[in-house]
Every structure is written in structure tokens, then in C-alpha cells.
Amino acid sequence: MWNREDPTSTHFTIGEHDRVNTNGQTYMALLFSSVEGISKVGYYTGSGAAGNAQNIGFQPRLVLIKNITDSGTGWMLINSVHGFSKYQFLNSGDPFVTGTYVSPSATGFSFAGGPGIVNESAKNYIYYAHA
């Protein structure tokens, strides 16, 4: 998909694969970076229990989380505008639904309750958090 060329910190190229480059289709690339005190890109392994705190150095107002162990999973969006007791999957047209999975703190976030869909035991996740 990367046109046989690894992305760099300033550039990326795409190949001809139909998932990233189909004639007549519009695509959008979202590129994230960690900026101390403002944003954090990271990863964690699920614990399957409440807690599993992620110390990111600030209180997030927006968190995006994706399970990278299981294929076909989408990005889960949790934010302070809709309340941390609601979430939405970005790959669906569904509205925000009630469910508390993430609890923000002054230094990051942890997971409320059991494993849920963002903290399953031994599953790997990536995230983007923004202040």
C-alpha cells in the first residue's frame, strides 16, 4: 500500500492497491504525532480488568483507540464534548451510544469496568489522545 517505500516523518506515497487508490474515489489521510502536553500517539496491551492506566502527561479531551490484534475492528472515539460515558466507531454511520469504557485523569486515562472493547486481555491497541 505504501508503494514499496516506507513513510518518513514528512512524506508518504501510496501504491495502486484499490484500498488506497481507486480511480474516481476520494480518500483522506489522517496523520498523527505526539506533541508534549498536547497530543500522544501510543500503544498498550489490554489487561482485561479495570485500571490499566495510560500515563500520557496531560488530561485528554479526545481519545481514539483501535484494536490491532483482531482484523476488522474500527477506531473508537471518546471525547469530552459528548461525555466520556458515550462512544462512537468512526467506521460506522451510527451515532454516539452510551457506554463508559475510558476514564480520563489529570495525567492520562484508564479503563472503567471490565474488559469491554478497548481493554481485552492480551489484545494489542493503538491510540491517539489530544488535550
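**Entry 1: the start of the chain**

I began with Trp 2, which is found in the segment before strand S1 (39–45). I took strands as DSSP runs of E with at least two residues and helices as runs of H or I with at least four residues, numbered from the N terminus. The model is predicted, and I therefore noted that local features need pLDDT of at least 70, that side-chain atom pairs count only at pLDDT 80 or more, and that totals for chains, interfaces and linings use all residues. Residues are numbered from 1 along each chain as its sequence is written, and side-chain values use heavy atoms, with hydrogens and water left out.

The scale calls a residue buried under 20% relative accessible area, exposed over 50% and partly exposed in between (1.4 Å probe, protein chains only).

I then recorded that Trp 2 belongs to a nonpolar surface patch together with Phe 12, Ile 14 and Leu 31. The four residues have about 410 Å² of accessible area together. Such areas come from the Shrake-Rupley method with a 1.4 Å probe, and for residues only the protein chains shown count as cover. Patches are made of residues with over 30% relative accessible area and no salt bridge; nonpolar side chains (Val, Leu, Ile, Met, Phe, Trp, Tyr) are joined within 5 Å, like charges within 9 Å.

**Entry 2: the sheet of six strands**

I traced an open sheet of six strands in the order S1-S9-S3-S4-S5-S6, with antiparallel pairing. S1 and strand S6 (97–98) stand at the edges with a single partner strand each, so one side of each has no neighbour in the sheet. Two strands pair if DSSP finds at least two bridges between them. Strand S3 (residues 62–67) and strand S9 (residues 124–130) run antiparallel and are joined by six bridges. Within this pairing, I saw Ile 65 opposite Tyr 127 in S9.

**Entry 3: the sheet of three strands**

I traced another open sheet, of three strands in the order S2-S8-S7, also antiparallel in its pairing. Strand S2 (51–55) and strand S7 (102–105) are at the edges; each has a single partner strand, so one side of each is left without a neighbour in the sheet. S7 pairs with strand S8 (residues 108–111) over four bridges, and Val 102 has Phe 111 in S8 as its bridge partner.

I looked up Asn 52 in strand S2. Its phi is near 55°, a positive value in a residue other than glycine. Most residues other than glycine have a negative phi.

**Entry 4: the salt bridges**

How many salt bridges does the rule count? I noted two salt bridges, each defined by a side-chain nitrogen of Lys or Arg within 4 Å of a carboxyl oxygen of Asp or Glu. Asp 70 meets Lys 123 at 2.6 Å, N to O. This pair links distant parts of the chain, 53 residues apart: Asp 70 is in the loop between S3 and strand S4 (76–79), and Lys 123 is in the loop between S8 and S9. Lys 123 also meets Glu 120, at 3.7 Å, N to O. Asp 70 is partly exposed at 27% relative accessibility, and Glu 120 is partly exposed at 26%.

Ala 122 has a positive phi, near 70°, and is exposed, with a relative accessible area of 57%.
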